[in-house]
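Hello,

Please find the structure below.

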Amino acid sequence: MQKYLLFFFIIIFSSSLSANIFEANDSPWDDGKAIDLRWELSPMVQQVVISRYVSDDNWIPVHSSTEAIGSFTDTGLEANTEYQYRLNATFSDDSLVLLTSAMPSEQWFYMGKLGFLLILLLVCLAILYYIHAAHHGKEFFIRHIAGLDSMEESIGRATEKGKPILYVPGISDLDDIQTIASLTILSHLAERCAEYNTDIIVPCRFSMVLSAAREVVKEAYMKAGKPDAYKSDNIFYLTDDQFGFVAGIDGIMLREQPAANFFMGSFYAESLILAETGFSTGAIQTAGTAQAHQLPFFVVTCDYTLIGEELFAASAYLSRDPQQLGSLRGHDFGKALVILLIIVGVILEILGISNLKEFIAGAIT
Amino acid sequence: MAIMTTIGIWVAAFFTLCIFSFLYKDNPFYKFAEQVFVGLSAAYWLVYIIYSIMIPNLFAKLSSDFSGNLILLIPAALGVMMLMRIHPKTEWISRYPISIMIGTTAGISMLRYMKSDILQQVTATMINPFASGSVPVIIGNLLLIIGTICGVYFFYFSKKQEGISKWPSKVGIWFLMVSFGATFGYTVMARISLLIGRLEFLLGDWLHIIK
């Protein structure tokens with residue numbers, strides 16, 4: 001009996017040593033464009049080349065390795081199409097060919113993005129909760145934003161001098177979130193201008209921004225109870241060309257001599273040309289953008305600058321609208337979450353645990 | 001052909017000098033160059049949008065295969081609704097395409113910025129600062145972590161920045177200002193190269209003073 005058992009174990013052991021495995025499986029939780037390949041060969045292997053069948057006995061190499069046990073994910077495939085793979089293994093005195101096949105299929109949920117979904121849900125729920133709380137009378141504190149102090153000062157000075165205010169809503173179209181943030185600030189500014197009977201000039205680069213700006217200003221004048229004071233000609237289209245647009249605004253600043261200039265939204269290479277010309281006219285200047293590369297120019301040439309996120313917070317700060325304050329509080333929850341994640345992530349990395357980082361990194365691949 | 005090139009160079013040189021004349025003060029030459037530029041660019045973009053966007057993406061596709069491109073009728077209808085602004089009585093119709101545009105932008109941007117501005121930054125900051133034995137690298141890693149945390153905290157609006165909580169905010173604004181200074185210097189250098197390009201045109205292509 002012992003002899004048989006010994007023989008049985010020798011057979012199992014030797015077969016496990018010599019077993020050559022080459023498997024292809026659909027990559028789980030993906031969009032059906034990848035196949036996972038795995039191989040286990042004798043440790044004596046010198047070279048492994050994996051090829052994919054294309055057509056007419058034509059195979060293209062997709063991966064090569066010198067490892068006896070390994071895996072590889074072939075990407076860029078078409079979903080629901082059968083793919084054949086060939087493994088060519090070279091040993092010191094022999095060679096081996098193994099074949100396998102698999103069909104990639106798409107799944108409804110990409111598990112790798114779970115971290116993205118969880119963080120997004122958490123932040124969205126926080127925003128909804130705070131908006132709900134604000135609607136039910138809960139008051140939220142919002143810290144002082146120095147850049148917005150200029151608004152009253154600018155309107156006051158423009159009213160005293162009988163000069164208009166120039167408002168540039170950036171040079172991007174409505175598909176830029178900064179332009180939308182800019183239009184919400186414009187709404188508040190236009191309402192104040194209407195109250196003080198001060199003209200507001202809004203040159204626009206794109207037709208969609210022009211239409212939206214006109215709507216916003218018109219509504220602001222109606223809200224202020226002065227719909228007749230609204231001048232649609234003060235909100236006008238200049239040109240789609242970036243530097244043509246800037247040249248036009250420079251001309252307005254020089255000839256109309258606005259008492260205050262507001263540059264709010266997305267700006268690129270033209271930021272310094274705009275702000276420097278405005279500075280030379282002696283107007284009070286306020287700028288706000290989330291374009292990190294343009295902020296230095298605004299910081300040095302403008303009296304007040306809204307840095308990055310302050311542009312998005314400005315609307316809530318100015319209006320004190322419970323809904324916007326609640327939303328801002330929700331955003332702050334997101335920032336606190338980011339700080340917490342970074343601190344915990346760094347501590348875990350120091351301890352040699354990378355699970356949290358990998359979980360979040362999986363969401364952005 | 002050569003005469004046209006020469007005329008082109010002279011026109012370009014004239015307009016370059018007109019724009020440079022602004023360095024002295026606003027003057028009729030600058031006004032002329034500015035208004036020609038604005039008018040030409042507006043006309044150019046109108047033609048460009050018609051021939052490079054409207055015709056190939058909408059009219060050509062609908063005229064060649066109408067039934068296969070029915071989906072294009074949606075943006076076409078939205079475009080027509082935008083044109084309703086022309087008449088005061090139908091102006092309200094244009095609010096719908098504007099609303100769709102703003103809503104779509106907000107939705108798409110939320111995911112895009114969540115990924116690029118938040119998650120990528122968070123994972124890039126989750127590092128072991130002491131992984132490298134090199135002291136400068138360790139200091140750099142610590143500055144990266146502290147700068148990121150304090151920079152984010154600077155934009156935390158729901159808490160009064162006083163007492164101990166004002167320090168992370170102060171450190172955050174220092175980091176921001178240092179980065180602004182570096183960006184300013186870098187971009188000014190790039191602008192100087194633009195000026196050099198213009199001077200090369202004037203002194204080389206136009207006056208042939210330099211080769």
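Two residues are in contact if their C-beta atoms, placed from the backbone, lie within 7 Å. This is a predicted model, in which local features need pLDDT of at least 70 and side-chain atom pairs count only at pLDDT 80 or more, while totals for chains, interfaces and linings use all residues. Residues are numbered from 1 along each chain as its sequence is written, and chains are lettered from A and ligands numbered from 1 in the order in which they are written.

The contact between the chains takes 49 residues from chain A and 49 residues from chain B. On the chain B side, H4(B) gives the most, with 15 residues. That side divides into 27 nonpolar, 14 polar and eight charged residues (nonpolar: Ala, Val, Leu, Ile, Met, Phe, Trp, Tyr, Cys and Pro; charged: Asp, Glu, Lys and Arg; polar: the others, Gly among them). Helices here are DSSP runs of H or I, at least four residues, numbered from the N terminus.

Helix H11 (residues 355-363) of chain A and H4(B) have axes that come within 9 Å and cross at roughly 150° (axes are lines fitted to C-alpha atoms over the stretch in contact, and angles run from 0 to 180 degrees between N-to-C directions). That makes H11(A) roughly antiparallel to H4(B), a term for angles over 145 degrees, with those under 35 counted as roughly parallel. Lys357(A), Ile360(A), Ala361(A) and Ala363(A) of H11(A) meet Leu119(B), Val122(B) and Thr123(B) of H4(B).

Within chain A, the axes of helix H4 (residues 177-196) and helix H9 (residues 309-319) come within 8 Å and cross at roughly 25°. H4(A) and H9(A) are therefore roughly parallel to each other.

Regards

Methods
Helix = DSSP H or I, 4+ residues; strand = E, 2+ residues; numbered from the N terminus. Parallel < 35°, antiparallel > 145°, perpendicular 65-115°, else oblique.
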